[in-house]
Amino acid sequence: MPMELTAAALWLNRVFAGFDECLALLIHKLYELAGPILTPFMELISFLGDDGICLIILSVLLMIPQKTRRYGTAMLLGLAIGALFTNLYLKVVIARPRPYVDETKVFHDIWVIMGQHMESDKSFPSGHTTAAFAAMVPLFLLGRKKLSWLALVFAVLMGISRIYLMVHYPSDVLGGILVGSIAGILATLIACKLPAVWYHFSFFRKGKGAHEG
């Protein structure tokens, strides 16, 4: 029996039908041009976004030194805000099935070619893309622009990898970009308003000398 869709999922499928199919086929051209050699790279990028674990670890590591604590703080806040809106609200309310579920559509055919990667939760918005932008937008905003733009490159590659592997519609990724960017901007604003003491104290206090007294 076909899955019963929510009104929001039906609206997304109808309004973005042409956009999703055209962009999915366009990105699939990368596979046709480069062959399977590109697939492990896309799988690696996608893996780095699994449950946001790698991004959380990176943000925590950046929070330890005082010089990078603002970056790590903003990243962790962005990930938390993004997860709150995406995983606890939007995915639950919209409940859009993955693109490969409908075996009559071209998305399923691409998914089979790309290795049939399975995902357990709903499709909209892309959690991987949300997390990537929620973490990388603060790095871009707070970092030196000569290098910080690389953070956005990673975030964009995350979105492309999810479409390439056909575990998300392009509109899911678009939603992830929007939610993740908003989360990242909000997190940056919050991080800049935190008390200065948070950025100046050391996690590793020097012990007192043995002869002090």
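Which side chains meet in a salt bridge at 2.8 Å, N to O? They are those of Asp172 and Arg96, a salt bridge being a side-chain nitrogen of Lys or Arg within 4 Å of a carboxyl oxygen of Asp or Glu. The model is predicted: local features need pLDDT of at least 70, side-chain atom pairs count only at pLDDT 80 or more, and totals for chains, interfaces and linings use all residues. Residues are numbered from 1 along each chain as its sequence is written, and side-chain values use heavy atoms, with hydrogens and water left out.

**Overall architecture**

- The protein chain has 10 helices and 0 strands; helices (H or I, at least four residues) and strands (E, at least two) are DSSP runs, numbered from the N terminus.
- Along the sequence, the pattern reads α-α-α-α-α-α-α-α-α-α.
- The C-alpha trace of the protein chain spans about 80 × 40 × 30 Å along its principal axes.
- Of the 213 residues in the protein chain, 41% count as buried; buried means under 20% relative accessible area, exposed over 50%, and partly exposed in between (1.4 Å probe, protein chains only).

**Salt bridges**

- The structure holds 7 salt bridges.
- The Asp172–Arg96 pair links distant parts of the chain, with Asp172 in helix 9 (residues 170–193) and Arg96 in the loop between helix 5 and helix 6 (106–113), 76 residues apart.
- Asp172 and Arg96 are both buried, and together with Asp20 they are linked in a network of salt bridges.
- Arg162 forms a salt bridge with Glu119, whose closest N and O atoms are 3.0 Å apart.
- This pair also joins distant parts of the chain: Arg162 belongs to helix 8 (residues 145–164) and Glu119 to the loop between helix 6 and helix 7, 43 residues apart.
- Arg162 counts as buried because its relative accessible area is 2%, whereas Glu119 is partly exposed at 23%.
- A salt bridge also joins the side chains of Lys105 and Asp102 (3.8 Å, N to O).
- Lys105 is partly exposed, with 42% relative accessibility, and Asp102 is likewise partly exposed, with 31%.

**The largest pocket**

- The largest pocket has a volume of about 420 Å³.
- On a 1 Å grid over the protein atoms alone, a pocket is an open set of points where a 1.4 Å probe fits, with protein on both sides within 12 Å along at least five of seven lines; lining residues have an atom within 4 Å of a point.
- Grid points are joined across faces, edges and corners, and the volume is the space filled by probe spheres set on the points.
- The lining comprises 23 residues, of which Gly49, Asp51, Gly52, Asn87 and Gly127 lie nearest the pocket centre.
- Helix 5 (69–94) and helix 7 (127–142) are the elements that give two or more residues to this lining.
- Helix 5 contributes the largest share of the lining, 7 residues.
- By class, the lining has 6 nonpolar, 10 polar and 7 charged residues; Ala, Val, Leu, Ile, Met, Phe, Trp, Tyr, Cys and Pro count as nonpolar, Asp, Glu, Lys and Arg as charged, and the others, Gly among them, as polar.

**Nonpolar surface patch**

- Ile53, Ile57, Leu61, Ile64, Phe203 and Phe204 form a nonpolar patch on the surface, with about 590 Å² of accessible area together.
- Patches are made of residues with over 30% relative accessible area and no salt bridge, with like charges joined within 9 Å and nonpolar side chains (Val, Leu, Ile, Met, Phe, Trp, Tyr) within 5 Å.
- Accessible areas come from the Shrake-Rupley method with a 1.4 Å probe; for residues, only the protein chains shown count as cover.

**Backbone features**

- Most residues other than glycine have a negative phi, and most peptide bonds are trans.
- The peptide bond from Phe124 to Pro125 is cis, with omega near -10°; Pro125 is in the loop between helix 6 and helix 7.
- Gln116, in the loop between helix 6 and helix 7, has a positive phi near 55° and is partly exposed, with a relative accessible area of 42%.
- Ala95, in the loop between helix 5 and helix 6, has a positive phi near 50°.
- The C-alpha atoms of Ala95 and Ala8 are separated by 8.1 Å, although the two residues are 87 residues apart along the chain.
- Ala8 is found in helix 1 (residues 7–15) and is partly exposed, with a relative accessible area of 29%.
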